[in-house]
Amino acid sequence: MTTLKSITKKPKDNMASLNKVMLIGRLGQDPECKQVGDTTVANFTVATNEYWNDKATGEKKELTEWHKIVVWGKQAELAQAFLKSGSQVYLEGKVQKVHD
C-alpha cells in the first residue's frame with residue numbers, strides 16, 4: 001500500500017522522471033498538413049470526454065477536453081491519408097510546451 005508519506009518524500013537528485021501521454025478520443029477536424037523543409041507536419045485537435053454523476057443532484061455530467069496534436073514525418077503523412085474529422089484515435093506521445 002502506498003501512503004501519502006511515501007510519495008511526498010524529497011526526490012533524490014538521480015531520480016528519473018517520465019513525460020508520457022496516452023489519449024483516446026475523436027478528431028475535431030481534418031489534419032492540417034504543411035511542409036517544413038522536406039518534412040511533413042500535421043496539426044489537429046482531439047477531444048476526450050469524461051462522464052460522471054453529480055453526487056448532490058444525481059445529474060449526469062460531461063466534460064470535454066481539447067488537445068492540440070502535432071505529428072511529424074511519416075506519422076504526419078499517415079494522419080493526412082487516414083484521419084478525418086470525427087475519427088477515433090489512440091495516441092501516445094509526450095507533453096511539449098509550445099514556446100511563443
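User: How many salt bridges does a search of the whole structure find?
Analyst: The search turns up two salt bridges. A salt bridge here is a side-chain nitrogen of Lys or Arg within 4 Å of a carboxyl oxygen of Asp or Glu. Keep in mind that this is a predicted model, where local features need pLDDT of at least 70, side-chain atom pairs count only at pLDDT 80 or more, and totals for chains, interfaces and linings use all residues. Residues are numbered from 1 along each chain as its sequence is written, and side-chain values use heavy atoms, with hydrogens and water left out.

User: OK, which side chain does Lys20 meet in a salt bridge?
Analyst: That of Glu92, at 3.4 Å, N to O. Lys20 is in the loop between α1 (4–7) and β1, while Glu92 is in strand β5, so the pair ties together parts 72 residues apart in sequence. Helices (H or I, at least four residues) and strands (E, at least two) are DSSP runs, numbered from the N terminus.

User: Switching topic: what pattern does the protein chain follow?
Analyst: Along the sequence it reads α-β-β-β-β-α-β, which gives two helices and five strands.

User: Which residues make up the largest nonpolar core?
Analyst: There are twelve: Leu23, Leu27, Ala42, Phe44, Val46, Ile69, Val71, Ala76, Ala79, Leu83, Val89 and Leu91. At least two residues each come from β1 (21–27), β3, β4 (60–72), α2 (73–82) and β5. The most come from β3, with three residues. A nonpolar core is a set of buried Ala, Val, Leu, Ile, Met, Phe, Trp, Tyr and Cys residues joined through side-chain atoms within 4.5 Å.

User: What does Ala76 touch?
Analyst: Setting aside residues up to four places away in sequence, Ala76 touches Cys33, Thr40, Val41, Ala42 and Val71. Contact means heavy atoms within 4.5 Å.

User: Thr40 is on that list, so where is Thr40 found?
Analyst: Thr40 sits in strand β3 (residues 39–53), and it counts as buried because its relative accessibility is 7%. Its side chain makes a polar contact of 2.6 Å with the side chain of Gln35. For a polar contact you need a pair of N or O atoms within 3.5 Å; within protein, one must be able to donate a hydrogen and the other to accept it, and residues adjacent in sequence count only if both atoms are side-chain atoms.

User: What about Ala47, buried or exposed?
Analyst: Buried, with a relative accessible area of 11%. Ala47 is in strand β3 as well. Its C-alpha atom is separated by 4.6 Å from that of Trp66, 19 residues apart along the chain. Leaving aside neighbours within four places in sequence, Ala47 contacts Gly25, Arg26, Thr64, Glu65 and Trp66.

User: Last one: what share of the residues in the protein chain count as buried?
Analyst: Of its 100 residues, 21% count as buried.

Conventions
Buried means under 20% relative accessible area, exposed over 50%, partly exposed in between (1.4 Å probe, protein chains only).
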